[in-house]
Amino acid sequence: MSAQLQPSSPIQVRSRGSSEYFQPRFLRNAWYVAMWSEDLKPGALVERTILNESIVFYRREDGTVAALTNQCPHRFVPLDKGKLLPGDRIRCPYHGLEFDGTGKCVHNPHGNGAIPSGMNTRSWPVLEKHTCLWIWMGDREPDPSQIPDYSVIDKADPAHATKRDRIIVKAHVQLVADNLLDLSHGIYLHDGLLANEDSANSEITAVEEGNCVIVHRSAKGVQLVGLHREYWPHDTYTVDKFSSIRWTAPSYLLLTQGACLPGDTRDNAVGYYGIHLLTPETERTTHYHFMAVRFNVQTDPGANDELSAKIAKNRRYAFAEQDAPIIEAQQRVLDSKGGKLNPTLMIVDLGPARCKRILERLLEQD
Ligand code: FES
Ligand SMILES: [Fe+2]
């Protein structure tokens, strides 16, 4: 395997001094994807556990989103088991207290109706952007400009986008991010589907830009991989191919994967953007949101729906049936040692090593 190191600044790939594999806590002053926008229908109460906190989401009558700690302050019954009432109020299913979208109790059906002080549940800021609901669970003022740029979703022709999907991986978010940052695993876990033997012969570079790490892989004169042949417009399958995955702290990833005829410019490449948005549910479970958007494709319009469905199905299979079992097994080994294992690193770990360094710095400031 030829792997060329071209870092933007000197980097040492080495085992970290710390005996803890994971960061001790999650970054709180950051936006996390709670769910795809379309998964919160008007009139519905939807629960998501995020950073160990159960939260109930619903749409107000004006379409904006309320997010409340999913716990009635009376006797702690989850509010998502209750009912959404006119006027953006949520009614607890147990004794009927009602709360508004700020978490304030606004109605007590018992006695003289007085509302004891402190009868509130916490509300959380939510913004809707790039077809996602983003929640802020930090103590600092939420900064909308910190929502990462996923305008590729907004600009996409819907005919070239796969469905918005989600799985839960039973592992720490960092293990899932490491998996995506180091695409060398594709040859072994996704052979024939997302990668092939030629994928090993890639040049790898890792670049750090602010709170981002971008890992590039490229290879010339190699065979096009199975899934990409579905929309490849030429007769030959010998191509120049590239992938570039951008990680933005704490856990957003954007993959650009394309191929062109040998010697051709990348402007003529066809491929897709892989959107991967990771949100910690707990220390051992991760919400993994994903979709893909094809670029520069010239497929028959009548074939687009079927093609999108096929890509979505295969990618879900790759993540849920090929990646997740390995990541979860890795988690079990780490847990059996109390998380105190130091990995022995190699060149393919350039990206993950840099991300850990950025996360450590951000956690100190959090
Ligand atoms: S537990 Fe909610 S009103 Fe009593
Ligand atoms: Fe994978």
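**Metal site**

What spacing do the donors of the iron ion (ligand 2) follow along the chain? I found H-x4-H-x132-D.

Before going on, I noted that this is a predicted model, where local features need pLDDT of at least 70, side-chain atom pairs count only at pLDDT 80 or more, and totals for chains, interfaces and linings use all residues. Residues are numbered from 1 along each chain as its sequence is written, chains are lettered from A and ligands numbered from 1 in the order in which they are written, and side-chain values use heavy atoms, with hydrogens and water left out.

I looked up the donors next: His185 (NE2), His190 (NE2), Asp323 (OD) and Asp323 (OD) coordinate the iron ion (ligand 2) at 2.1 to 2.3 Å. Histidine 190 and aspartate 323 are 133 residues apart and link distant parts of the chain. Histidine 190 is in the loop between helix H3 (186-189) and strand E12 (203-209), while aspartate 323 is in helix H4 (residues 304-336). Donors here are N, O and S atoms within 2.8 Å of the metal (3.2 Å for Na, K and Ca), and water is not among the atoms, so sites may look incomplete. Helices (H or I, at least four residues) and strands (E, at least two) are DSSP runs, numbered from the N terminus.

Why is the arrangement around the iron ion (ligand 2) irregular? Its four donor atoms subtend angles of 57 to 142 degrees, and that makes it irregular. For the cut-offs, I wrote down that four donors count as tetrahedral if all angles lie between 85 and 135 degrees; four count as square planar and six as octahedral if opposite donors are over 155 degrees apart and all others between 65 and 115; anything else is irregular.

I also checked burial, and both histidine 190 and aspartate 323 are buried. Buried means under 20% relative accessible area, exposed over 50%, and partly exposed in between (1.4 Å probe, protein chains only).

**Sheet E2-E3-E4**

I moved on to an open sheet of three strands, in the order E2-E3-E4 with antiparallel pairing. Two strands pair if DSSP finds at least two bridges between them. Strand E2 (46-50) and strand E4 (65-69) are the edge strands, each pairing on one side only. The twist from one strand to the next averages 30 degrees; axes are lines fitted to C-alpha atoms, for helices over the stretch in contact, and angles run from 0 to 180 degrees between N-to-C directions.

I went through the partners of strand E3 (residues 53-59), which pairs with E2 over five bridges. Threonine 49 stands opposite serine 54, and valine 46 is opposite phenylalanine 57. Phenylalanine 57 also stands opposite alanine 67 in E4. Five bridges join E3 to E4. Five of the seven residues of E3 are buried.

Both turns got a look. E2 and E3 form a hairpin with two residues between them, and leucine 51 in the turn has a positive phi of about 50 degrees. The E3-E4 hairpin has five residues between its strands, with glycine 63 at a positive phi of about 95 degrees.

**Sheet E1-E10-E9**

This open sheet also has three strands and antiparallel pairing. E1 and strand E9 (126-129) stand at the edges with a single partner strand each, so one side of each has no neighbour in the sheet. I checked strand E1 (residues 31-36) for burial: six of its six residues are buried, so the rest of the structure largely encloses it. Five bridges pair E1 with strand E10 (residues 132-136). Valine 33 stands opposite tryptophan 134, and tryptophan 36 has cysteine 132 as its bridge partner.

**Rings and charges**

Arginine 164 lies over the face of tryptophan 36, at 5.9 Å from the ring centre. A charge sits over a ring if NZ of Lys or CZ of Arg is within 6 Å of the ring centre and within 35 degrees of the ring normal.

I then found six aromatic pairs in the structure. One of them, tyrosine 273 with phenylalanine 295, is tilted, at 4.9 Å centre to centre and 45 degrees between the planes. Rings of Phe, Tyr and Trp (its six-membered ring) pair if their centres lie within 6.5 Å; planes under 30 degrees apart count as stacked, over 60 as edge-to-face and the rest as tilted.
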